[in-house]
Amino acid sequence: MFSREKMMLNKFIIFLGFVSLLACQKDDGEYVYYDNPPRQEQSDSQYDIPNLFNDTKIDILFVVDNSGSMGGIQKNIVVNSELFMANFLKNNFMKWKVGIISTDRGDDPYLGFKRKFDYQLTHDPNHTDATIVSMFKTAVNSLGTSGDASEFVFYNTLRMMTDGRFNNFFRSDAHLAVIMVTDEKEQSYSRYGAKYEVYSLLNSIRALKDSESIVRFYGAFDFADLQDCNSYGDVFEGSPFETIINETGGLYMSACSDDFG
C-alpha cells in the first residue's frame, strides 16, 4: 500500500517537454498491466509540479548523449533550459538536486557532483534565477559532441551510483528521476551483459535506495518512429528505453522538435 508521500509523487511530472501521455498502470494482485502511451501524439498542455511535502527529496539525473550527431538536440536543451528549470526555481518546497552526465563511459559528470547544483542555490543571495539557469546551460554546452560513438545510458547511470568518486550526489532517501536524451539505441547490455538488462538494472538501482523511494525513468529521443524525427534504423517501440520507462511509470517524447523544453 502506497504511503501518502508516494501517492503524491505519483502526480509528479518532470517536464522536459514530455508531451506524451502518462503510462497507465493497474495493480491486480500478482500482475501489473501497462498501457503504452500512443506514439505520434502531441499535446500543448503545461503541467506544474504539485505541492509535495516540504521534506520531499528528489534527485534528477540527466543522461545526455554527447556523440557526434547530438549537436542539434543539445542546442534544443540549452534553448529551453529556462522552461525546464522554472518549476524548480519557483517551488521552495522541493529539495531537488540536478546532475548532468554523458553517455560516454569514460566521462566525469558535468554538473551537480563535484559542485552542488540543488535547491540551496535558490536561498543563496549570490545566485539569481538567471545565474542558476546559466549554470545549467553552461553544463549542457560543455558536453560537446566528441564523446564515444557508442552510447551507454544504463552503464553510466549505474556507474555514477556505485563509483565512490561520484555517488555522493545520490541520496538513499530521495526519489530518483533519470532523464535520458539520446538518438541511439541503448548499448550497455550488448557490451557488458545481463547486469544491464532492464529488470536487473532496476533491481540494482532500487537496492541502493530506501524502500519508500520512487525510481522513474523519462526520455527524449530521436528515433524513426517518434514525431518529427527523420532518422532511420533505430526505433523506440520495443526498445529497452520503452521498457524501463513503462516499468517505472515515466514519460517519453520526441526530441526532434525545437520546443521540447
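**Entry 1: helix 3 against helix 4**

I looked up how helix 3 (residues 81-90) sits against helix 4 (residues 129-143): their axes come within 10 Å and cross at roughly 125 degrees. I note that this is a predicted model. Angles of 65 to 115 degrees count as roughly perpendicular and those over 145 as roughly antiparallel. Helix 3 and helix 4 are therefore oblique to each other. I also checked the hand of the crossing, and it is right-handed.

Next I listed the contact residues. Helix 3 brings S81, E82, F84, M85 and L89. Helix 4 meets them with D129, I132, V133, F136 and K137. I sorted the residues of this contact by type: six are nonpolar, one is polar and three are charged.

**Entry 2: the nonpolar cores**

I then turned to the largest nonpolar core, which has 35 residues. Those with the most contacts inside it are I60, F62, M85, W96, I100, F117 and F136. M85 and F136 were already on my list for the helix 3 and helix 4 contact.

Which elements give two or more residues to this core? I found strand 3 (57-64), helix 2 (71-79), helix 3, strand 4 (95-102), helix 4, strand 5 (175-182) and strand 6 (215-221). Helix 4 gives the most, with seven residues.

Leaving out residues up to four places away in sequence, W96 touches I58, I60, M85, F88, L89, F117, D118, Y119, T122 and R171. I also logged a second, separate core of 33 residues. Among its members are F169, Y196, V215 and F241.

How values were computed:
Residues numbered from 1 in each chain as written. Predicted model: local features only at pLDDT ≥ 70, side-chain atom pairs only at ≥ 80, totals over all residues. Heavy atoms only, no water. Axes fitted to C-alpha atoms, helices over the stretch in contact; angles between N-to-C directions. Helix = DSSP H or I, 4+ residues; strand = E, 2+ residues; numbered from the N terminus. Parallel < 35°, antiparallel > 145°, perpendicular 65-115°, else oblique. Left-handed = near helix turned anticlockwise from the far one by under 90°. Contact = heavy atoms within 4.5 Å. Nonpolar A, V, L, I, M, F, W, Y, C, P; charged D, E, K, R; others polar. Core = buried A, V, L, I, M, F, W, Y, C linked by side-chain atoms within 4.5 Å. Buried < 20%, exposed > 50% of the residue type's maximum accessible area, 1.4 Å probe, protein only.
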